[in-house]
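Subject: Structure handover

Hello,

The structure is below, and my notes on it follow. Please read them alongside the coordinates.

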Amino acid sequence: MLSFAITFVRLLKAIVHSWSVPMFRANFALAVLILLSATLFYHSVEGWSWIDAMYFSVTTISTVGLGDLSPHTDLGKLFTIIYIFVGVGVFVALFAQFARALLKVDDDNKEPPSQKQLTKSDDA
């Protein structure tokens, strides 16, 4: 339980650290929207409980796919195909931003070294 708490705190720190980046906020909102819309879809079309619908949405989009739930309607199967193709890219981008924030790598603020700095390091 302690490791879960530590991981959860690190995730929250990554979100807070990344919140000032507009692209992160847009990607985060899109990821939440995709998860909520899929949950609503599976709840209404497949007749699953809210928890089962959210569980399937998260395991599918995270590519875990445990196989304990699967859509039984043709519409549900077609939606899942589109959901995977759209959602996986969004979540990969979101978690890449989380990783950057956790590692404190800020690609946007890096400046190439000036010519003066390059000559000083070459002389040494």
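**Findings**

T80 counts as buried, at 9% relative accessibility; buried means under 20% relative accessible area, exposed over 50%, and partly exposed in between (1.4 Å probe, protein chains only). This is a predicted model, in which local features need pLDDT of at least 70 and side-chain atom pairs count only at pLDDT 80 or more, while totals for chains, interfaces and linings use all residues. Residues are numbered from 1 along each chain as its sequence is written, and side-chain values use heavy atoms, with hydrogens and water left out.

T80 lies in helix α4; helices (H or I, at least four residues) and strands (E, at least two) are DSSP runs, numbered from the N terminus. Its side chain reaches the backbone oxygen of G76 at 2.7 Å. Not counting residues up to four places away in sequence, T80 touches Y42, F56, T60 and P71, where contact means heavy atoms within 4.5 Å.

The helix α4 has 30 residues and runs 43 Å from its first C-alpha to its last, close to the 44 Å expected at 1.5 Å a residue (the expected span is 1.5 Å times one less than the number of residues). A bend of about 25 degrees occurs in α4 at I84, taken as the angle between axes fitted to the seven residues ending there and the seven starting there. The buried residues of α4 include G76, Y83, G87 and F98, and its buried residues pack against α1, α2 and α3. Just after α4, K104 has a positive phi of about 55 degrees.

T39 is buried, with a relative accessible area of 5%. Leaving aside neighbours within four places in sequence, T39 is in contact with W50, A53, M54 and S57.

The largest nonpolar core has 20 residues, and Y42, W48, Y83 and F98 have the most contacts inside it. Such a core is a set of buried Ala, Val, Leu, Ile, Met, Phe, Trp, Tyr and Cys residues joined through side-chain atoms within 4.5 Å. Two or more of this core's residues come from each of α1 (2–18), α2 (22–46), α3 (50–61) and α4 (74–103), with α2 giving the largest share, seven residues.

On annotation, an unreviewed UniProt entry lists residues 24–42 and 78–96 as "transmembrane region"; UniProt positions are given in the numbering used here, feature names are shortened, and annotations may be inferred rather than shown by experiment. In the model, residues 24–42 are 100% helix and 0% strand, with end C-alpha atoms 27 Å apart. Residues 78–96 are also 100% helix and 0% strand, with end C-alpha atoms 28 Å apart.

Regards

Notes. Polar contact = N/O pair within 3.5 Å; in protein donor to acceptor, adjacent residues only side chain to side chain.
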